[in-house]
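This briefing covers helix packing and nonpolar cores. The entry is shown below.

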Amino acid sequence: MLAVLCPGQGSQKPGFLTPWLDLPDAESRLRSWSELAGVDLVHLGTAADADEIRDTARTQPLLVAAALLAAEHLPMRQVAVTAGHSVGELGAAALAGALPAEAAITLAGVRGREMAAACALEPTGMAAVLGGDPDEVLAAISAHGLHAANRNGKGQVVAAGALDGLEKLAAEPPQRVRVVRLQVAGAFHTPYMTPAETALAAVAAGTTPNDPDRILLSNLDGTAVDTGRELLDRLVRQVTAPVRWDLCMATLARLGVTGVIELPPAGTLAGLVKRELAGANAPEIVTVKTPDDLPAARELIARHGTVDETSKHMSRDDNHAGEASS
């Protein structure tokens, strides 16, 4: 069984889309999507510097567009599972057939703009909390009035909230813990993003989704999304809810995923999967960073990409049973 993953904010690098524009129709596709996103995706993916593509309003639609552009050159019909990290969920939803590509790009544009606007309302930030005892880490985050915004697997939690709370956490970390401030505009996936969630909900209400035609994992709890309406509800809630990528990876393991492809700008999620799903049953991983990586991805799909119709309809009970054991 094969899973395709769509990365989230922070994975972008200057110029990472440049080689993709050599593919037929790639530039015209990006220019069309730029009108929907409200940003120049061609410029952002090729000529913009690191500061420009760090802007949340620009980064989010850029990442979704990059994943969808690369996926157009892969036999996605043979992929059983899709998942995305944070804004990457919009790309994963499109690849699962639950949203048209145009709707995913539009929603990413709105999400990015509104989250950027919410960041400007109050000075907040995020920090990676690396290592330590998981319970002690979560307790320390809470004790400083912060939120565990991302739980990305073993030894990696992202704390988010007021800047003074982040400073105190860095000054008084739990034992065997390193705290690294992240270069982001604010406290994503926390109640500070409530205005953005409200704005995204208003736009999402005018979107008509389809039921996913493959397993589509949710960041809320790692479970498979059953219906298009549930998908939209979860995508909206995710703006203020923690990203439980640890539970998504637990579901990949429980499903018996044997192959993983990360779409561009690839690397971050592949690293998390490699560390979390190590051992005898570790999946084979291909990172698609440039078009030169497409043949390896197609070959991986050919060997691992058999769609299991029964697993596509996993019951909610099975999902929660796996969550409880993770």
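In this predicted model, the buried residues of helix α5 are covered by elements that include β1 (2-6), α4, β2 (81-84), α6, β7 (215-216) and α10 (228-237). Helix α5 spans residues 88-95, and eight of its eight residues are buried.

**Helix α5**
- The buried residues are G88, E89, L90, G91, A92, A93, A94 and L95.
- Just after α5, G97 has a positive phi of about 80°.

**Nonpolar cores**
- The largest nonpolar core holds 73 residues, of which L30, L90, I261 and L263 touch the most other members.
- Helix α4 (residues 56-71) supplies the largest share of this core, with 10 residues.
- Apart from neighbours within four places in sequence, L30 is in contact with L17, L21, L41, V42, A65 and L69.
- A separate second core has 21 residues, among them A80, A224, L269 and L272.

**Packing of α1 and α6**
- The axes of helix α1 (residues 26-37) and helix α6 (residues 101-119) come within 8 Å and cross at roughly 45°.
- Because of that angle, α1 is oblique to α6.
- The crossing of α1 and α6 is right-handed.
- On the α1 side, W33, L36 and A37 make the contact, and they meet A101, E102, I105, T106, G109 and R113 in α6.
- Sorted by class, this contact between α1 and α6 has five nonpolar, two polar and two charged residues.

Definitions and conventions:
Residues numbered from 1 in each chain as written. Predicted model: local features only at pLDDT ≥ 70, side-chain atom pairs only at ≥ 80, totals over all residues. Heavy atoms only, no water. Axes fitted to C-alpha atoms, helices over the stretch in contact; angles between N-to-C directions. Helix = DSSP H or I, 4+ residues; strand = E, 2+ residues; numbered from the N terminus. Parallel < 35°, antiparallel > 145°, perpendicular 65-115°, else oblique. Left-handed = near helix turned anticlockwise from the far one by under 90°. Contact = heavy atoms within 4.5 Å. Nonpolar A, V, L, I, M, F, W, Y, C, P; charged D, E, K, R; others polar. Core = buried A, V, L, I, M, F, W, Y, C linked by side-chain atoms within 4.5 Å. Buried < 20%, exposed > 50% of the residue type's maximum accessible area, 1.4 Å probe, protein only.
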